[in-house]
Amino acid sequence: MVGVMGRRENLLKELCSLNREKCVYEAGDITNVTKTVKQLNALHEKLGGLDLLILSAGIGEINLDLEYQLEEPTIHTNVSGFTNIVDWSYKTFETYKKGHLVVISSIAGIRGSGVAPAYNASKSYQSNYMEGMRQKAFKQHLPIHMTDIRPGFIDTEMAKGEGLFWVVPVNKAVNQIYSAITKRKKIVYVSKRWKYIAWALKIIPSCIYNRL
């Protein structure tokens, strides 16, 4: 049985109509942390258990003028909403003494950005939070697995800006993400060649990075 959750109930209904016997849903907004917990509990009850949760909700805007109205939704979604769901997931997996949490973060979390400051910072937060949960599970001796998916540019509405390169087709990204989940990998770049960009970003000096 698969459970799905999102803001647009019409799309959830359409998705679950493809196989009503194996799909259930709850409509909800990740930024409403109080309601989200109730909706997650309701979905959990419909499923009758939980062994895998994939958190893919996320937004980000190009914000050269530093308009807070653009940054606020990113913070509410990628930080507050994210934390709420990750914490709920981990505590739920604790009751089963096992589980697998998958988060779609981004390669953008490696360094800051003057073009989309809140987005890059929020993705760094997500990756660090996942590392913290991985450490927590290790210290508790619990087989709760954490997979941090860090995409580059994928051919979706989230790919914003000019001069984008290495834009990955959706099907290719899906296949690589699926493979990473089944293998319970800790950190995965999509596509795989983005790991070289990640390596370069980590070692490049600030005096050079600031010019990019």
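Predicted model: local features only at pLDDT ≥ 70, side-chain atom pairs only at ≥ 80, totals over all residues.
Okay, the overall picture. The protein chain has seven helices and six strands. Reading from the N terminus, the order goes β-α-β-α-β-α-β-α-β-α-β-α-α. The radius of gyration comes out at 18 Å, close to the 17 Å that the globule rule gives for 212 residues, so the chain is as compact as a globular protein of that length.

On to contacts and surface. Take the contacts between residues at least 6 apart in sequence: 61% of them join residues at least 24 apart. Buried residues account for 40% of the 212. The chain exposes about 12,800 Å², with carbon and sulfur atoms supplying 55% of that.

Now the helix pair. Helix 3 covers residues 68-96 and helix 4 covers 117-139; their axes come within 9 Å and cross at roughly 10°. That's under 35 degrees, so these two count as roughly parallel to each other. Who meets whom? On the helix 3 side you've got, among others, Phe-82, Val-86 and Tyr-90, and helix 4 brings residues including Tyr-125, Tyr-129 and Met-133. The residues of this contact split into 12 nonpolar, five polar and five charged.

Last stop, Gln-176, which sits in helix 5, residues 170-182. Buried or exposed? Its relative accessible area is 15%, so Gln-176 counts as buried. Leaving out residues up to four places away in sequence, Gln-176 touches Tyr-189, Val-190, Ser-191 and Lys-192.

Note on methods
Residues numbered from 1 in each chain as written. Heavy atoms only, no water. Axes fitted to C-alpha atoms, helices over the stretch in contact; angles between N-to-C directions. Helix = DSSP H or I, 4+ residues; strand = E, 2+ residues; numbered from the N terminus. Parallel < 35°, antiparallel > 145°, perpendicular 65-115°, else oblique. Contact = heavy atoms within 4.5 Å. Nonpolar A, V, L, I, M, F, W, Y, C, P; charged D, E, K, R; others polar. Buried < 20%, exposed > 50% of the residue type's maximum accessible area, 1.4 Å probe, protein only. Rg over C-alpha atoms; globule rule 2.2 N^0.38 Å. Areas by Shrake-Rupley, 256 points an atom, 1.4 Å probe, with all protein chains shown as cover.
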